[in-house]
Amino acid sequence: MDRLSELPESILLHILSFLNMRDVVRTAILSKRWSHLWTIVQQVDFDLKDFFPYQNFVDFVNRTLLCRGNCKITRLRIGLFLNASSRKDYVGWIMYATKNNVEELFLDFDSDCCEWLPPPCVYSNSSLKTLRLLSCRLVPAMQIRWNLLTKLTLRFSVLWDDIIRKIMVGAPKLEFFELDTCWGYNDPTFDSPSLRVLIVCDDESGVYEHGPVMRISAPNVQFLRLSGSLYRKCVLMNMPSVVQATLDFHPYTHSDKQKEDLKWKQDNLMELVGCLQHVESLTLGSWCIEVLALREKRRMPCQISTYKCVTLSAYMTEDDLLGTVNLLKGSPALQTLIIDMQSVLYDWRRRAMEYSCNSNVEDYLASQAKHIRCLRHLKTVKLTKFVEQHSVFPFVEFILKNGSVLENLVIIARRGSEENSPESLLKVAQRLLSMPRASSRAVITLLN
């Protein structure tokens, strides 16, 4: 007998839990030791991939579940392209899972034209702890009872404000709630006492109408992430508990009408930033940095905040330096700055990038030093996915020269980048070490 087969059954089942069910079933031919394991594995993953025609997948799932009998399932994932003719089958699969007290249920039912209706056993379930639904439409008339549910994800689905209110009442232990490109709601109230993480990606749909404004209330949420195209105005209400927030919008600007709407979207973004000025940690996407850069160019006043940690997804072009400076001027208590450098070459969202180094960059940074009060508190600066480009070094030198209490400057090179050869990184290290430092405790770390 091989050494793998000599392992305890619990370990073998744990190994099988990382495979899709088709591969799990195939292990039955390895030896008698493996012949029955596929029928008792508790973490089951069915995926339409590699099945053709479609009916072969449906038949495989039916046969597999039939052979398992009443064996407990802790986690079930079913990924398939929605086919109206298979409704009786997937409803049967869901009922089988709930009857066997499934704890984690992932129904990734992809669809181009319609949403599926979850059966009643999904709305009322006393064993579910994690639930993810894709391309479904929740019925407002159904009562929701998820006594143990802690994590809920809805993607490309339809739900109304009333349903969200029912979820808040019917899932008393809910801690994590994600709405990814869902439609139908306008004034969602996430007021569950247990809810700590809220993720909302709000993108436009040509099928379902939305109101002109989306008002979000979440009094107990501590971690907030908002993203999408910002196609409608977003207003944050009653969010005193948020300590960590992410804003990562990417508005569409392909048509003339969308370009006309860009101004109010920029204003809306700054309103959102203003509502989150009390958070300890803020993460901003690349478009947000562009908006801050535009405000800096126009010499508009920066918004004052109490951020202690800021993470920026930036291209680190000269325009992005303007946006970064604008944010630093408004963050006098900042202690940690993280810049996740984005790739200029492969990102289609950026229309025109400036590669050349402007000789005025150093002068501009020097002129702003007296306005950036966080330089007296900033202890850690980290640049990830680093690629050598002209605009980075003036900023790094500025931080080293003016960061009076700086303790760590960490630069992590982008993996797989042709620019980050050992020779070029050696030159980067030499250049960094030659820069003057205001803090005697400042340590420079360059990682490949």
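A residue is called buried below 20% relative accessible area, that is, under 20%, exposed over 50%, and partly exposed in between, with a 1.4 Å probe and protein chains only. By this scale Lys151 counts as partly exposed, at 37% relative accessibility.

The model is predicted: local features need pLDDT of at least 70, side-chain atom pairs count only at pLDDT 80 or more, and totals for chains, interfaces and linings use all residues. Residues are numbered from 1 along each chain as its sequence is written, and side-chain values use heavy atoms, without hydrogens and water.

Of the 448 residues of the protein, 52% are buried. The secondary structure comprises 13 helices and 17 strands, where helices (H or I, at least four residues) and strands (E, at least two) are DSSP runs numbered from the N terminus. The C-alpha atoms occupy a box of roughly 75 × 60 × 40 Å along the principal axes.

| Residue | Element | Relative accessible area |
|---|---|---|
| Ile15 | helix 1 (residues 9–16) | 34% |
| Lys151 | strand 5 (residues 151–155) | 37% |

Beyond its neighbours within four places in sequence, Lys151 is in contact (heavy atoms within 4.5 Å) with Lys129, Thr130, Leu131, Leu174 and Phe176. In the protein, 66% of the contacts with a separation of 6 or more join residues 24 or more positions apart.
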